[in-house]
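Good morning, and thank you for coming.

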Amino acid sequence: MIKAVKGMNDLYGKDAYRWGRMEEDIKMIVQTANYTEFRTPIVEEIALFKRGVGETTDVVQKEMYDFLDKKGRHIAMRPEGTASVVRAFIEHGISVNEPSPFKLFYIGPFFRYEKPQKGRYRQFHQLGIEIFGDDTPQMDAEMIFTACRVLDHFKIDYEVHINSIGCNECRPVYKEKLIEYFSSKKDKLCEDCCKRIKTNPLRLLDCKSCNMKMEYQKVPVMIDHLCGVCSDHFEKLKKSLRIFHVDPVIDPYIVRGLDYYTRTAFEIVADTGGSQNAVAGGGRYDNLVSDIGGPDTPATGFAMGLERLFDMVPEDFYQTPMVFAGYVLCEEAVDDLVHFAKHMSHHPVTFFADYRPKKIKKALQKADKAQISFVFIFGENEAKNKTVLMKNMTTGEQKTYGQHEVMLIVRELMDASAEFYSKK
Ligand code: HAM
């Protein structure tokens with residue numbers, strides 16, 4: 001049997017319905033906050049991610065799905081959205097053609113070759129937002145607040161962890177301090193971290209296997225080594241977050257797994273039901289646009305893992321809609337049901353038609369299993385008299401209507417729906 005590729009999931013039935021509703025709600029929230037949708041291709045030249053995300057990151061070194069196309073171009077399936085959006089921002093001259101700040105969002109699939117587990121997949125989905133052209137700490141705060149608005153909408157408990165990882169002025173000095181600190185502790189570090197001491201020393205701080213937080217209480221932290229401008233930015237970020245009623249945890253171990261960040265770095269953690277508790281992460285990346293060949297443009301943004309969010313949306317957050325169904329008991333009634341389905345299609349009711357004749361008992365069993373609230377039966381008598389029998393599956397109440405009385409029927413169904421939704 002051919003199975004789905006490891007770490008990649010199908011979605012159907014009730015889950016697909018809930019996922020669709022969740023995406024609609026997210027879009028409504030971010031559009032209200034004035035973010036417009038941005039779509040980029042699933043694949044990009046691999047060089048973009050190497051340059052954008054960073055050669056030494058796990059994402060680029062270990063997790064990329066890449067291949068050569070038929071002309072030998074080296075292509076990668078996008079592991080994240082920021083680099084692609086930056087590429088498009090430059091390619092379309094958005095800094096001159098669109099108002100600034102330019103605020104956008106995206107929702108879609110991303111691909112990382114990671115070890116699958118609950119909350120970690122090889123194809124996963126993100127909501128991302130990015131803001132170009134604004135270097136203020138207030139915009140960082142608004143960006144983080146937007147992530148909170150999404151989580152608040154779904155009534156999720158979470159914690160916002162923030163840090164500053166400095167800029168090109170202060171970070172190199174701090175990196176030297178880290179290298180000095182860790183060089184004497186090589187025997188205690190994991191194999192990856194021994195290599196990272198020189199290439200990416202900040203990542204040692206969030207290595208799960210070395211567990212810095214527990215082991216190294218005295219490790220130098222970036223917030224003690226910020227330059228004046230970065231320090232001021234961080235203070236104003238905290239102040240603005242408080243105005244937005246976001247109470248952040250200052251967490252000097254948030255360094256992020258992607259190389260492009262400057263100053264603000266943050267993660268939102270929540271009880272996702274698995275060991276992967278980061279539901280969103282992001283920060284400021286003021287050098288990325290120019291690093292990829294565009295004009296000097298400050299930028300900030302985040303991405304939220306939608307599988308992790310989905311697992312936390314309360315079970316009763318969405319009601320499944322009321323569904324109505326028509327069944328035929330004999331061949332002569334089939335065309336009547338076709339006509340009825342056609343008429344019902346003009347109205348805002350969810351109607352399902354089963355054109356395969358069957359015994360009434362079987363039809364009702366099927367309706368019961370599919371949780372249909374009202375069924376419409378077309379049998380021999382109905383075909384002769386051009387009527388339809390409507391049965392309320394909850395109360396058992398039955399009524400006969402003329403087949404042309406669709407307006408009356410729809411009104412009854414709408415009244416029943418209104419009552420159903422008001423009770424929930
Ligand atoms: P990231 O931290 O790599 O950041 O991913 C953001 C979120 O995507 C994570 O917090 C997590 O919820 C989800 N996620 C990541 N990998 C997986 C996976 N394998 N399976 C399931 N969920 C996953 C970024 O991607 C940056 N582009 C965020 C950003 C936007 N920074 C600035 N702008």
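Strand β10 contributes six residues to the shell around the ligand, the largest share of that shell. What you see on the screen is a predicted model, and I ask you to keep that in mind throughout. β10 spans 278-284, and together with β6 (123-132) and β11 (299-305) it belongs to the strands that each supply at least two residues of the shell. In total, 26 residues surround the ligand. The closest are Glu80, Glu114, Glu130, Arg256 and Tyr261.

The side chain of threonine 82 places an N or O atom 2.9 Å from a nitrogen atom of the ligand. For arginine 112, an N or O atom of the side chain is 2.9 Å from an oxygen atom of the ligand. Glutamine 126 has a side-chain N or O atom 3.1 Å from an oxygen atom of the ligand. How much of the ligand's accessible area does the protein cover? On its own the ligand has 660 Å² of accessible area, and the protein covers 95% of it.

Next, the aromatic residues. Tyr261, which I named among the closest residues to the ligand, is also a member of an aromatic cluster. Phenylalanine 317, with a relative accessible area of 23%, is partly exposed.

Aromatic rings also take part in two arrangements with charged groups. Arginine 78 has its charged end over the ring of phenylalanine 110, 4.2 Å from the ring centre. In the case of lysine 103, the charged end sits over the ring of tyrosine 35, at 4.5 Å from the centre.

On the scale of domains, the assignment gives domain 1 as 13-170 + 226-316 and domain 2 as 319-422. Their C-alpha centres lie 47 Å apart.

I shall finish with the backbone. Most residues other than glycine have a negative phi, and most peptide bonds are trans. Which residues of this model depart from that pattern? The peptide bond from serine 100 to proline 101 is cis, its omega being near 0°. Proline 101 is found in the loop between α5 (94-97) and β5 (102-111).

Lysine 155, which is not a glycine, has a positive phi of about 60°. This lysine 155 belongs to the loop between α6 (137-153) and β7 (158-164). Its relative accessibility is 65%, so lysine 155 counts as exposed.

Histidine 245 likewise is a residue other than glycine with a positive phi, here near 65°. The loop that holds histidine 245 runs between α10 (228-243) and β8 (249-250). Is this residue buried or exposed? Histidine 245 counts as exposed, because its relative accessibility is 76%.

That concludes my presentation, and I welcome your questions.

How values were computed:
Residues numbered from 1 in each chain as written. Predicted model: local features only at pLDDT ≥ 70, side-chain atom pairs only at ≥ 80, totals over all residues. Heavy atoms only, no water. Buried < 20%, exposed > 50% of the residue type's maximum accessible area, 1.4 Å probe, protein only. Phe/Tyr/Trp six-rings, centres within 6.5 Å; stacked < 30°, edge-to-face > 60°. Lys NZ or Arg CZ within 6 Å of the ring centre and 35° of its normal. Domains from an automatic or database assignment. Near = heavy atom within 4 Å. Polar contact = N/O pair within 3.5 Å; in protein donor to acceptor, adjacent residues only side chain to side chain. Areas by Shrake-Rupley, 256 points an atom, 1.4 Å probe, with all protein chains shown as cover. Helix = DSSP H or I, 4+ residues; strand = E, 2+ residues; numbered from the N terminus.
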